[in-house]
Amino acid sequence: MELIPIYEGGERLFYNENLFLPSTYYEELIKVVEMNLIRFYPTPWADRLVEALSSFLNVDEGSVLPGAGADDVLRMLISGADRVGIVEPAYSMYEHLARSMGKEVRSSVYPDIDPLAECDLIIVNTPNNPTGLSYSRGFVEELRSIGHVVVDEAYVEFSGSEGFLRDVDETLTVVRTFSKAWGLAGLRVGYAISPEEVVTLAKGRSLPYQVSAPSEAMAIRALEMSGLVHESVKEVERVRERLTGRLRAIGFEVPDSSTNFVFIKSLGREAWERLRARGFAVRLVDRPGARGIRITLVPWEVMDGLLEELEVIP
Ligand SMILES: Cc1ncc(COP(=O)(O)O)c(C=O)c1O
């Protein structure tokens, strides 16, 4: 099996998928999909996956809320809120989810938190998409004094830290996914770690059976192969360091990334279009507090080609 990014517009550098995992990883995952997994219903709340995550992360089973990707888990959590606070720059789905459920939304731009007063649920993303930066514990503490904080840790595995997992309590929930470091965006599996009461309430407001049986089985198998994922993360870190250094040497402003992408501040539509035309499909970012171009880290040969294009950008 060859691992070819499925995108006709050139190199796919806009989704932050993990392209460093070997094909053997995926071959092993597919092996666990057997007939009965598509013939019968899964358990309503992916019991086997919850059990596997609980022992992998060393948390109580009751604190695991599984869903069809982090987006689905965020939807379940947001559904219980009255007023949703969003710390910008942020992943655009938060606002979309909150508004689609008729919630009042208030935004602030890091590090200002004043506009978030009176929010009962605050979503903060660290390590941050789009900047790649990790926020301090002190900043998250400040948010906790306002309302229940949902820390979206979609990229935490690339940060070399445990994130806020051990800080989970009635004021804090952590959301994670198999889509990024685990290289399984197509499976649509994510989860929250949250106090048991929050998990129970979220389930009560949501739909069961969101994690399909094949997805559940493959996610469990992936956890057993965490060594391969860890090695791929090390590769990402090497490429990240090399690319960041080269970009800074050209003169670009690049924040320290704790993720599998880098953010080049200030580059705009012109550079984005130029890169696309040359076969590098990167993400154009224009959010409060972050304007620039976001580039998914992929094997070095591609990054090298991209650098050649960036070197001649005026
Ligand atoms: C910060 C952040 N949270 C959540 C997600 C979505 O994750 P999932 O694929 O698990 O829905 C993404 C995907 O880009 C993301 O960047």
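1. Strand β1 (residues 11-13) pairs with strand β10 (residues 280-287) in the parallel sense, over three bridges. Within this pairing, Glu11 stands opposite Phe280 in β10. The model is a predicted one, and the points below should be read accordingly.

2. On β10 there is also an antiparallel pairing, with strand β11 (residues 290-296), over five bridges. Here Leu284 stands opposite Ile293 in β11. β10 and β11 form a hairpin with two residues between them. Gly289, in the turn, has a positive phi of about 85°.

3. The protein chain is divided into domain 1 (11-22 + 227-311) and domain 2 (34-224). Their C-alpha centres lie 25 Å apart. Across the boundary, 25 residues of domain 1 are in contact with 23 residues of domain 2.

4. Which residues touch the most other members of the largest nonpolar core? They are Tyr25, Phe178, Ile295, Met303 and Leu310, in a core of 61 residues. Each of domain 1 and domain 2 contributes at least three residues to this core. Another core lies apart from it and has 23 residues, among them Ala81, Ile86, Tyr94 and Val150.

5. Leaving aside neighbours within four places in sequence, Met303 is in contact with Leu13, Val239, Leu243, Ile295, Thr296, Leu297 and Val298.

6. Seven strands form an open sheet with mixed pairing, in the order β2-β8-β7-β6-β5-β3-β4. The edges are held by β2 (64-67) and β4 (104-109); each has a single partner strand, so one side of each is left without a neighbour in the sheet. On average, neighbouring strands of this sheet are turned by 20° against each other, direction ignored.

7. Inside that order, β3 and β5 run parallel and are joined by three bridges. Val84 stands opposite Leu121 in β5. Helix α7 (residues 196-205) packs on the sheet, where it touches β2, β6 and β7. The direction of α7 makes about 30° with that of β2.

8. Which residues of helix α6 (residues 137-144) are buried? They are Phe139, Val140, Leu143 and Arg144. Seen down the axis of α6, these buried residues fall within an arc of 145°, so they line one face of the helix. An α-helix has 3.6 residues a turn, so residues three or four places apart point the same way. The buried residues of α6 pack against β3 (83-88), β5 (121-125), β6 (148-152) and β7 (172-177).

9. Helix α5 (residues 93-100) has Tyr94, Leu97 and Ala98 as buried residues. Seen down the axis of α5, they fall within an arc of 95°, so they line one face of the helix. The face turned away from this buried side carries the exposed residues His96 and Ser100. The buried residues of α5 pack against α4 (69-78), β3, β4, β5 and β6. After α5 comes Gly102, whose phi is positive, near 70°.

10. Ile295 is among the residues that touch the most other members of the largest core, and Ile295 is in contact with Met303.

Key
Residues numbered from 1 in each chain as written. Predicted model: local features only at pLDDT ≥ 70, side-chain atom pairs only at ≥ 80, totals over all residues. Heavy atoms only, no water. Core = buried A, V, L, I, M, F, W, Y, C linked by side-chain atoms within 4.5 Å. Buried < 20%, exposed > 50% of the residue type's maximum accessible area, 1.4 Å probe, protein only. Domains from an automatic or database assignment. Contact = heavy atoms within 4.5 Å. Helix = DSSP H or I, 4+ residues; strand = E, 2+ residues; numbered from the N terminus. Arc of directions from axis to C-beta. Pairing = 2+ DSSP bridges. Axes fitted to C-alpha atoms, helices over the stretch in contact; angles between N-to-C directions.
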